[in-house]
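Please look over the sequence and the structure shown here before reading on. The points below are grouped by topic.

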Amino acid sequence: MNVRLAGDTLLLVEFEPAIDPLVNERVVELGHALRARQLPGVRDVVPGYATLGVHFDPLRTDLLALERAVGVEGRTLETITTLPEARVIEIPVQYGGQDGPDLEEVARFAGCSPHEVIDLHAGTAYRVYMLGFVPGFAYLGRVPAAIAAPRRRVPRDRVPAGSVGIAGQQTGIYPIDSPGGWQLIGRTDRTMFDPSRDPASLLSAGDTVRFVPV
Amino acid sequence: MTGAGLRIVKPGLLTTVQDLGRWGHQLDGVPVAGPMDVFSHRLANHLVENEPEAAALEITLIGPELIAEVPVTLAVCGADFDVSIDSNPVPTGISFHVRRGQVVRFGKRHTGARAYLAVGGGGIQTPPVLGSRATHLVSAMGGVSGRALAAGDVVPVNESPARPTVRARGLTLPTAGRARLRVLPGSQERWFGDDAWRALTTVSFRISPRSNRMGYRLQGPPLPRQITDEPISEPLAMGAIQVPAAGEPILLMADRQTAGGYPKIGYVITADLCLAGQLAPGEFIEFDRCTEREAVAALIARERELMAQMLSARASEARS
């Protein structure tokens, strides 16, 4: 476990520089543990793939106490060797056609039929590693190597909300209309993010996602 | 937007509602937003007797023209603009009362890039989203429908009574279109060698026209990277200086994303971020490397300066 400051308001805790479910589980659980402690001055606790970010107000935080808490909680998490049962969320997807304009392209990349792409994409359980990019955008992994098509060379100016895309071994769902460069293979009608809902985001880091063709 | 408030006649170049930011939701990918110059935002709120959390208008380069539909106490801090009420000039850094129907007009800008218009009676009353009124333009969240103000908008505010005038000197603004900012080494130092640090700390970087509230693209010599691979995306904060493969650094500002995958050579210290927020595209930044100890000392000094100005504002009220 490597604890370091990034500037004077952010503490980063890195378990191992790897995109790995177990490493990410430690990050997510350390986040839960630190949030539960409600340490004075801590204003945001943010899981990344392999790194937990703890944002603090430098004038109101006892940095030594924060580092001690990180040390205590982090060391117990380093002993985790199995993943706990995750919450499973099913996302219905209309694959191909107007909803997934790059499905054919991904099939060409994979050297298989669009149907086989759908079977592979929907046949895999994905972990939510982190959220970012825009509110409610979950980074899911890992996409089977056969269909792990790289990003489009030229990103689209507007990707419609609900679009399901692939970028290498990551897959994800655009929660709002936004620019984007991922290969779009389908679209869901689930609302991924709604600030008037609690919780606002349908997905959280640590969840398992399954795509269901409709 | 219904009800009475501040009616926007001309919106200015980019006028947004900002409070201290939407903290606590970055785990859902929700960016923080908030003021580019938090010092001036806090001081303006203090002059109208608001809590620091109150929402104010952030005004960028070209100011708005607005009509008060209710009597309100206002204060402008930050960038130095000519401001008038019904064509009578009012200084910045002062609380002033506006009667129903009076027109507040921002004119010529002298120094600084962003001014904060604070409104007594608890500030701008747009509906909070996830606990904050801060506008984040890219995710269209907060403020007035998640966007910059437009002509015809009525920004809801509470009536506030006339109070004795208070004044404050305000932030010492960058002059001659340049600021020196102190930088702490980043968390990804091994991506960069001494040559990159030399380039960062010896040259003036020009803020590109393609800069905004998310970040300043900095034009200067490219910062060479020792490692071409991108690090794994990690959480980040305002002030991060990230360096994409081409080497053109980007200083991340208030509307930054929650995480990023470019290596960061360093972080501008919090004490100096308010100065960065007062720079405009085309102006210049010079960086100095500093230590954690210096960063903390600078922050305490900055906070003391703000507190001293707040206290003397109160004293000026007692005298008047």
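In this predicted model, 37 residues of chain A are in contact with 33 residues of chain B. On the chain B side of that contact, strand 13 (234-235) and helix 4 (292-319) each give two or more residues. Helix 4 of chain B gives the most, with five residues. Sorted by class, the side of chain B that touches chain A holds 18 nonpolar, eleven polar and four charged residues.

**Chain B as a whole**

- Chain B contains four helices and 18 strands.
- A compact globule of 320 residues would have a radius of gyration near 20 Å, and chain B agrees because its own value is 20 Å.
- Along the principal axes, the C-alpha atoms of chain B fill a box of roughly 60 × 40 × 30 Å.
- Of the 320 residues in chain B, 53% are buried.
- Among contacts in chain B with a separation of 6 or more, 79% join residues 24 or more positions apart.

**The two domains of chain B**

- Chain B is assigned domain 1 (5-156) and domain 2 (178-297).
- The centres of these two domains of chain B, taken over C-alpha atoms, are separated by 27 Å.
- Contact between the domains involves 20 residues of domain 1 of chain B and 13 residues of domain 2 of chain B.
- On the side of domain 1 of chain B that touches domain 2 of chain B, at least two residues come from each of helix 1 (38-47), strand 5 (72-85) and strand 8 (103-119) of chain B.
- That side of domain 1 of chain B has eleven nonpolar, seven polar and two charged residues.

**The largest nonpolar core**

- In soluble globular proteins, nonpolar side chains tend to be buried together.
- The largest nonpolar core in this model has 151 residues.
- Ala56(B), Leu74(B), Leu117(B) and Ala118(B) have the most contacts inside that core.
- Leaving out residues up to four places away in sequence, Ala118(B) touches several residues, among them Ala44(B), Leu47(B), Val48(B), Ala56(B) and Leu74(B).
- Asn45(B), Asn50(B) and Gly123(B) are also among the residues that Ala118(B) touches.

- Ala196(B) belongs to helix 2 (residues 194-202) of chain B.
- Is Ala196(B) buried or exposed? Ala196(B) counts as buried because it has 22 C-beta neighbours inside 10 Å, and the cut-off for buried is 20 or more.
- Beyond its neighbours within four places in sequence, Ala196(B) is in contact with Leu223(B), Pro224(B) and Ile265(B).
- From Ala196(B) to Leu61(B) there are 135 residues in sequence and 32 Å in space, C-alpha to C-alpha.
- Pro263(B) sits in the loop between strand 16 (259-260) and strand 17 (264-268) of chain B.
- Pro263(B) is buried because 25 other C-beta atoms lie within 10 Å.
- Not counting residues up to four places away in sequence, Pro263(B) touches Gln188(B), Trp191(B), Arg225(B), Pro231(B), Gln242(B) and Val243(B).
- Pro263(B) and Thr228(B) are 35 residues apart along the chain, and 9.7 Å separates their C-alpha atoms.

**The two domains of chain A**

- Chain A is assigned domain 1 (2-77) and domain 2 (88-213).
- The centres of the two domains of chain A, taken over C-alpha atoms, are separated by 28 Å.
- Eight residues of domain 1 of chain A are in contact with six residues of domain 2 of chain A.
- Helix 1 of chain A supplies four residues, the largest share of the side of domain 1 of chain A that touches domain 2 of chain A.
- By class, that side of domain 1 of chain A has five nonpolar, two polar and one charged residues.

**Helix 1 of chain A**

- The buried residues in helix 1 of chain A include Val23(A), Val27(A), Leu30(A) and Leu34(A).
- Asn24(A), Glu25(A) and Arg26(A) of helix 1 of chain A are buried as well.
- The buried residues of helix 1 of chain A pack against strand 2 (10-14), strand 3 (42-47), strand 4 (51-56), helix 2 (63-77) and strand 6 (126-131) of chain A.

Technical notes:
Residues are numbered from 1 along each chain as its sequence is written. Chains are lettered from A and ligands numbered from 1 in the order in which they are written. This is a predicted model: local features need pLDDT of at least 70, side-chain atom pairs count only at pLDDT 80 or more; totals for chains, interfaces and linings use all residues. Domain bounds come from an automatic or database domain assignment. Two residues are in contact if their C-beta atoms, placed from the backbone, lie within 7 Å. Ala, Val, Leu, Ile, Met, Phe, Trp, Tyr, Cys and Pro count as nonpolar, Asp, Glu, Lys and Arg as charged, and the others, Gly among them, as polar. A residue is buried if 20 or more other C-beta atoms lie within 10 Å of its own, exposed if 12 or fewer, and partly exposed in between; C-beta atoms are placed from the backbone. A nonpolar core is a set of buried Ala, Val, Leu, Ile, Met, Phe, Trp, Tyr and Cys residues joined through C-beta atoms within 7 Å. The radius of gyration is taken over C-alpha atoms; the globule rule is 2.2 Å times the number of residues to the power 0.38.
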